[in-house]
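Please keep the sequence and the structure in view while reading.

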Amino acid sequence: MAELQEFVSDFSSPLRLRINRKGDEIDADMALAMIGNQPFLHGTFGTARVDWQSAGEGSDTMMLFVPTDGWGEITHLGRTWDLTPNQGMMRDLSIETTAYQEQFHSYVLPISKTRIREHARNLGGELMGLYPIEFDPVANLTTSGGQMIRHYMQFLASSLNHGLMDKPNKLVTSQACDLLLTHILTQLKSNVQDILTGQEVSRVVPRHVKRAQDYIHANPSETLDMVSLSETAECSYRTLQRGFIDAFGLTPRQYIRKVRLQLVRNDLMSTDVTDPVATIAQRWGFGHMGRFAQEYIQEFGERPTKTAREA
């Protein structure tokens, strides 16, 4: 039991396991393979009913469970649901979770939050890279998208079993991981799914808008006046403003404010940043704290102090 608990904790947050029925024995089988630097697991606890609990702790990891057999019950983010081959889970490892499972088999995919946010940025543009990705914890595997994810995981498992990925081919493993992340972002419910599957993704940003956009993201804390921004974009301010509104539905000033607010929020939600709210806000170009607080509440629906307190 201790060995199993240690193995699982290496890929999850620390947890406690307990056999529920007297006389039961754990017959666990944990298969681990690496697709490039991406862990890919398939595990089972055998016929024993096992209870487990994780208090959750600061983590940059989410775990996607796609059950292949058996059943369980999970409580996560205030919701309780059955884990079955028709219904999986996207678990945030920083959140407390309890569960029990019996004759349970599942693919398990640990995913870095940073990596999936970067992939969202690659798919949907720079603004996507600023959003913390928040998934619905219940993964419906009966939809066409859910079935697509299941089938792709089965393909990966088959490829690994038959040695198709034994040779170190970075192009193959990179493409395999990228496709898996794309399926997860576009087929599972999240706060960015509609954006990534909508018209915004395919929209071409004009070159002058892209120049200004890149400059904003490279210098978000600097004084960004519209004259210098227009010079960077090599166009008039009126042309630049029209381009931003067409591309993002925002003026350049609104776009800058949104970028800065998201950077403040990222710092407030980070366990590595302990500076006061005012210090963080000033770092990202906000000088007037009262106005900053109003804009933050309007953007995120809560006070910045609440974000910091709950991080």
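Which residues form one aromatic cluster? In this predicted model, the cluster consists of Phe286, Phe292, Tyr296 and Phe300. Two of its members, Tyr296 and Phe300, belong to helix α11 (residues 289–300), where they are four residues apart, about one turn of the helix. Tyr296 is buried, its relative accessible area being 0%. Phe300 also has a charged neighbour: Arg265 lies over the face of its ring, at 4.6 Å from the ring centre.

The search of the whole structure for aromatic pairs returns nine. One of them joins Phe40 and Tyr107 in a stacked arrangement, with 5.6 Å from centre to centre and 25 degrees between the planes. Because Phe40 is located in strand β3 (residues 38–44) and Tyr107 in strand β8 (residues 97–112), this pair ties together parts that are 67 residues apart in sequence. Phe40 is buried, with a relative accessible area of 4%, and Tyr107 likewise counts as buried, at 10% relative accessibility. The pair of Tyr296 and Phe300, in turn, has ring centres 4.8 Å apart and planes at 55 degrees, and is therefore tilted.

A further feature is the packing of two helices. Helix α6 (residues 207–218) meets helix α8 (residues 237–248) at an angle of about 85 degrees, and their axes are 9 Å apart. The two helices are therefore roughly perpendicular. From α6, the contact involves His208, Val209, Ala212, Gln213 and Ile216, while α8 contributes Thr239, Leu240, Gly243, Phe244 and Phe248. Of these contact residues, six are nonpolar, four are polar and none is charged.

Notes:
Residues numbered from 1 in each chain as written. Predicted model: local features only at pLDDT ≥ 70, side-chain atom pairs only at ≥ 80, totals over all residues. Heavy atoms only, no water. Axes fitted to C-alpha atoms, helices over the stretch in contact; angles between N-to-C directions. Parallel < 35°, antiparallel > 145°, perpendicular 65-115°, else oblique. Contact = heavy atoms within 4.5 Å. Nonpolar A, V, L, I, M, F, W, Y, C, P; charged D, E, K, R; others polar. Phe/Tyr/Trp six-rings, centres within 6.5 Å; stacked < 30°, edge-to-face > 60°. Buried < 20%, exposed > 50% of the residue type's maximum accessible area, 1.4 Å probe, protein only. Lys NZ or Arg CZ within 6 Å of the ring centre and 35° of its normal.
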